[in-house]
Amino acid sequence: MMHRAPRGPLTDDQERGTVKDQLEALILQMHKSGILYSEAVREFKKRFILTVLQENKGNQCKAARQLGMHRNTLSRTIAELNLDVRTFRPGARRPPRSARPSSYDKRAAR
């Protein structure tokens, strides 16, 4: 009887190979289900970008860096896919100046 060494964590190459195998099986399943190429690509882009944005709490600059694309390209892609990234941003943002109450004269307040 042959004894195998206990399996440790996967190397990056092994993990990538596993993910590629899973992706290949998913692609085959999508093809057999009649999902069109354009629909599959759109859905993949959507989910991939949403995942990276979620990891970065909606920060598009950081997400674009991780995706290997320019921030403007990411912003345009988000708009094309009609993604709502506000759900990933923690807390409320300051309202634009036009929506804030008129400020008082800073010199008079001193």
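What pattern does the protein chain follow when read along the sequence? The pattern is α-α-α-α-α, and the protein chain has five helices and zero strands. Helices (H or I, at least four residues) and strands (E, at least two) are DSSP runs, numbered from the N terminus.

Before going further, note that this is a predicted model, in which local features need pLDDT of at least 70, side-chain atom pairs count only at pLDDT 80 or more, and totals for chains, interfaces and linings use all residues. Residues are numbered from 1 along each chain as its sequence is written, and side-chain values use heavy atoms, with hydrogens and water left out.

**The chain as a whole**

Buried residues make up 15% of the 110 residues in the protein chain. Here, buried means under 20% relative accessible area, exposed means over 50%, and partly exposed lies in between (1.4 Å probe, protein chains only). Among contacts with a separation of 6 or more, 48% are between residues 24 or more positions apart; a contact means heavy atoms within 4.5 Å.

Two packed helices are described by the angle between their axes and the distance between the axes. The axes are lines fitted to C-alpha atoms, for helices over the stretch in contact, and angles run from 0 to 180 degrees between N-to-C directions.

| Helix pair | Angle | Axis distance |
|---|---|---|
| H2 (residues 37-55) and H3 (residues 60-67) | about 125° | 9 Å |
| H3 and H4 (residues 71-80) | about 100° | 8 Å |

With its angle of about 125°, H2 is oblique to H3. H3, at about 100° to H4, is roughly perpendicular to H4. For these words, angles under 35 degrees count as roughly parallel, over 145 as roughly antiparallel, 65 to 115 as roughly perpendicular and the rest as oblique.

Which residues bring H2 and H3 together? Phe-48, Ile-49, Val-52, Leu-53 and Glu-55 in H2 meet Gln-60, Ala-63, Gln-66 and Leu-67 in H3. By class, this contact of H2 with H3 has six nonpolar, two polar and one charged residues. Ala, Val, Leu, Ile, Met, Phe, Trp, Tyr, Cys and Pro count as nonpolar, Asp, Glu, Lys and Arg as charged, and the others, Gly among them, as polar.

Turning to the other pair, H3 and H4 pack at about 100°. Their contact is made by Gln-60, Cys-61, Ala-63, Ala-64 and Leu-67 of H3 and Arg-71, Leu-74, Ser-75 and Ile-78 of H4. These residues of H3 with H4 divide into six nonpolar, two polar and one charged.

**The two faces of H3**

The buried residues of H3 are Gln-60, Ala-63, Ala-64 and Leu-67. They cover an arc of only 100° around the axis, which puts them on the same side of H3; the arc is that of the directions from the helix axis to the C-beta atoms. An α-helix has 3.6 residues a turn, so residues three or four places apart point the same way. The buried residues of H3 pack against H2 and H4, while the face turned away from the buried side carries the exposed residues Arg-65 and Gln-66.

Is Gln-60 buried or exposed? Gln-60 counts as buried, at 10% relative accessibility. Leaving out residues up to four places away in sequence, Gln-60 touches Leu-53, Arg-71, Leu-74, Ser-75, Ile-78, Val-85 and Arg-89.

**Two loop residues**

Lys-57 is found in the loop between H2 and H3 and is exposed, with a relative accessible area of 57%. Its phi is near 50°, a positive value in a residue other than glycine. Asn-82 sits in the loop between H4 and helix H5 (106-109), with phi near 55°. Asn-82 is exposed, with a relative accessible area of 64%.
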